[in-house]
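Thanks, everyone, for making the time. Before I start talking, please have a look at the sequence and the structure on the screen.

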Amino acid sequence: MRLKNLKTNNYIDDKKLIVQSRTENLSVVRDYIHDAALKAGINPEKVGDIILAVDEACTNIIKHAYKSIPDGKIEIQVLNNYKKFTIVITDYGSSFEPKKVPAPDLQKYYQQHRVGGLGMYLMKNLMDEVDYISVPGKYNRVSLSKNLNPVS
Amino acid sequence: MAEFSTAVKYRGDVNVIYLNGFLDAHTAPQLENEFSKLIEENKYSIVVNFKDLNYISSAGLGVFMAFIEKIRENKGDIKLTSMNDKVFNIFDLLGFPLLYEIFKSEEEAVKKFNEIKKLENE
């Protein structure tokens, strides 16, 4: 099934959501992840963590990879192999080196009146695995995974 | 589209901003506007009530960082109240409780401002 919302140019099919790089689409992405995570049987208490991690990844793409240009493409794919629930997010904007993003320092932000790197810090803390691949001039891809049924 | 709204109530010298809905990179500018308006009016004693906030991302947290120093330079503060556990956990994960006073109820936060005022006038 493939549905196209003509007004917003967002695509949804069974495996992929494609949205344009606009902050108004963050809620579309959150709703999609919410439904997919519940369908995969994720503990509802953890669904919120996954939604936030994906929101942070997409916000970074909109602001940094596409520098707030509104017609970039963001592809979101959900994979579930019954051990791991993974969200793969691909963009075609500027490449990005996650190692260059320093750990957040709140005292410094306090003085600079700005926040940066909080999104990345949240992603790493909310998910079990965060992987980046960047092919300059082609695409960037971040994979966010949560283990299913962890031994606890 | 994410639903988000704010309302402001004046409780004596203390200004309470009520947040409702989803605070993300799309809706954060609305909250920035509220802070900017209060600062323009030299209103620096601000309580933010999170009771009806369902969701916050780092873009929302950034708003508090953007204004706090200016507000404290003017002898004011931003005090936070009535967060649900989900929202508090995000603040906590990022270390915000070191920088902001977080109260269980709006009453306590307003009272704290009034106590400070009283001490200053003595």
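I will go through the two chains in turn, starting with how they are described.

A word on conventions: this is a predicted model, in which local features need pLDDT of at least 70 and side-chain atom pairs count only at pLDDT 80 or more, while totals for chains, interfaces and linings use all residues. Residues are numbered from 1 along each chain as its sequence is written, and chains are lettered from A and ligands numbered from 1 in the order in which they are written.

Let me begin with chain A, whose secondary structure comes to 4 helices and 7 strands, where helices (H or I, at least four residues) and strands (E, at least two) are DSSP runs numbered from the N terminus. From the N terminus on, its elements run β-β-β-α-α-β-β-α-α-β-β. Of the 152 residues in chain A, 34% are buried, and by buried I mean that 20 or more other C-beta atoms, placed from the backbone, lie within 10 Å of the residue's own, whereas 12 or fewer makes it exposed and anything in between partly exposed. Two residues are in contact if their C-beta atoms, again placed from the backbone, lie within 7 Å, and among contacts in chain A between residues at least 6 apart in sequence, 58% join residues at least 24 apart.

Now to helix α1 of chain A, residues 26-39, which has 14 residues and reaches 20 Å from its first C-alpha to its last, close to the 20 Å expected at 1.5 Å a residue; the expected span is 1.5 Å times one less than the number of residues. Buried residues in α1(A) include L26(A), V29(A), R30(A), I33(A) and A37(A). Just after α1(A), G41(A) takes a positive phi of about 80°.

How does α1(A) pack against helix α2 of chain A, and at what angle? Two packed helices are described by the angle between their axes and the distance between the axes. Here α1(A) and α2(A), the latter covering residues 44-65, pack at an angle of about 145°, with their axes 9 Å apart; axes are lines fitted to C-alpha atoms, for helices over the stretch in contact, and angles run from 0 to 180 degrees between N-to-C directions. The contact involves, among others, L26(A), V29(A), R30(A) and I33(A) of α1(A), and I50(A), I51(A), V54(A) and D55(A) of α2(A). The crossing of α1(A) past α2(A) is right-handed, which is to say that the near helix is turned clockwise from the far one by less than a right angle, anticlockwise being left-handed.

Not counting residues up to four places away in sequence, R30(A) touches I51(A) and D55(A), and its C-alpha is separated by 9.1 Å from that of I50(A), 20 residues apart along the chain.

Turning to the strands, K146(A) sits in strand β7 of chain A, residues 139-147, and is buried, with 22 C-beta neighbours inside 10 Å. Leaving aside neighbours within four places in sequence, K146(A) is in contact with residues including K46(A), I50(A), F85(A) and M127(A). K146(A) and M127(A) are 19 residues apart in sequence and 5.5 Å apart in space, C-alpha to C-alpha.

L79(A), in strand β4 (residues 73-80) of chain A, counts as partly exposed, with 14 C-beta neighbours inside 10 Å. Apart from residues up to four places away in sequence, L79(A) touches T86(A) and V88(A).

That brings me to chain B, which has 4 helices and 5 strands, following the pattern β-β-α-β-α-β-α-β-α along the sequence. With 122 residues, a compact globule would have a radius of gyration near 14 Å, and chain B agrees, with 14 Å; the radius is taken over C-alpha atoms, and the globule rule is 2.2 Å times the number of residues to the power 0.38. The C-alpha trace of chain B spans about 50 × 30 × 20 Å along its principal axes. Of its 122 residues, 41% count as buried, and residues 24 or more positions apart account for 70% of the contacts in chain B with a separation of 6 or more.

Finally, the axes of helix α1 (residues 28-40) and helix α2 (residues 58-73) of chain B come within 9 Å and cross at roughly 15°. That makes α1(B) roughly parallel to α2(B), since angles under 35 degrees count as roughly parallel, over 145 as roughly antiparallel, 65 to 115 as roughly perpendicular and the rest as oblique. α1(B) passes α2(B) in a right-handed crossing, and among the residues that meet there are L31(B) and F35(B) in α1(B) and V63(B) and F67(B) in α2(B).
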